Amino acid sequence: MGKLTVFGFLREQWTELPISTADVSDQSLIVVGANVGLGNEAAVHLAQLKPKSLLITSRDEVKCERSKADVETRSGMTGIESWPLELSSFDSVRSFVDNFEAKGCTANVLIANAGISTMKYAKTPDGYETTFQVNYLSTALLSILMLPHLIKTGTPEHASRLVIVSSEVHYIANRLKGADKWPSIIETINDEAYCTSRQVSMLASFPTAIITCSSVMRNRYPLSKLLEVMFIRELSSRLPTPILVAASAVNPGFCHSRLSREVESNPFLKFAVSIYKGLLARATEMGSRTLVHAAIEPGERERHGHYLSSCEVTEESDYALSAEGREVSKRLWHETLKILGDIDPRVNTIVSEHLTQDIA
């Protein structure tokens, strides 16, 4: 079973990752969250390979214009499309897909990279805890709504790619103890009383932990990354053969990024984090190679349905692989589809037409 160890963490952090050079001249690529960090570096790398088209997203129009100019300048590619996509809004996700369909766009690759990390409980206008909606629910909604477009461009010889950016911190996500007695997993983990309760966390044992964390919200980011791993597993298991879309959850490693900006708002912790990053963090560009590799390199069927780390198939966490974790995963899948189907009826149609149904 998959475990996170200090030795394994350090070994991966110091591993030189391959630079992808696959031919993408006939492919249409999408990178979500390309204005900063891993998404930005992945977009630049892909643009340098001169794909047929490249569509990048940022949270608003201003960031879209800036990211478009930045990626085009650094890559030498022109004609990049840059659209707004705000994952804290289901309407924004739906509007993005509506626009994509109205313009008759195509997609061979979707890299779902955007995400946030916050320890403060706050709800989106849609009524969901922010990290939970951005990192999980909206990412799942986007993935499912874009599935028909990925299926359309996939072939038995060359599958399209769905890449969701997860993390090694899914290994230290708290087990959802007592979930078998919860009427709804999603309602419980979204509930403010639950989220602001105090529970023993595993973060203190994680090699990248700076402080001991004990509240549910301080484990929210790792949990969201675990839910992404579970989503990929459930989705991939229901895609029929021949596989036309290869789906994977990718760990970019511990990288220099803006994910820790909330922690770094504390001057003392900012100093500690800066030292820690200086000693161990991968360069953002190095981490982005994991996204690009999963998106365009051959061998997609061997990676399909798996968690990837350092560009290789890696075992998921003990909890994800356990009988308890698999049951939570299955229940979460059905609850997620119910919620997303109510948000956008296209979800129900896509599931019915493109995914195999569970046997009762």
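S58 has its bridge partner in strand β3, at P84. The two strands involved, β2 (residues 53-58) and β3 (residues 81-84), run parallel and share four bridges; pairing here takes at least two DSSP bridges, and strands (E, at least two residues) and helices (H or I, at least four) are DSSP runs numbered from the N terminus. Getting from β2 to β3, the chain passes through helix α3 (residues 61-75) in a right-handed β-α-β crossover, that is, a clockwise path over the helix with the strands pointing away from the viewer.

This is a predicted model, with local features needing pLDDT of at least 70 and side-chain atom pairs 80 or more, while totals for chains, interfaces and linings use all residues. Numbering starts from 1 along each chain as its sequence is written, and side-chain values use heavy atoms, leaving out hydrogens and water.

On to the rings, which pair when their centres lie within 6.5 Å (Phe, Tyr and the six-membered ring of Trp; planes under 30 degrees apart are stacked, over 60 edge-to-face, the rest tilted). That rule gives eight aromatic pairs. One of them, W83 with F96, is edge-to-face at 5.4 Å between centres and 65° between planes. W83 sits in β3 and F96 in helix α4 (residues 90-102), so this pair ties together parts 13 residues apart in sequence.

F132 and Y136 are stacked, because their ring centres are 5.7 Å apart and their planes at 25°. Both F132 and Y136 are buried.

Key. Buried means under 20% relative accessible area, exposed over 50%, partly exposed in between (1.4 Å probe, protein chains only).
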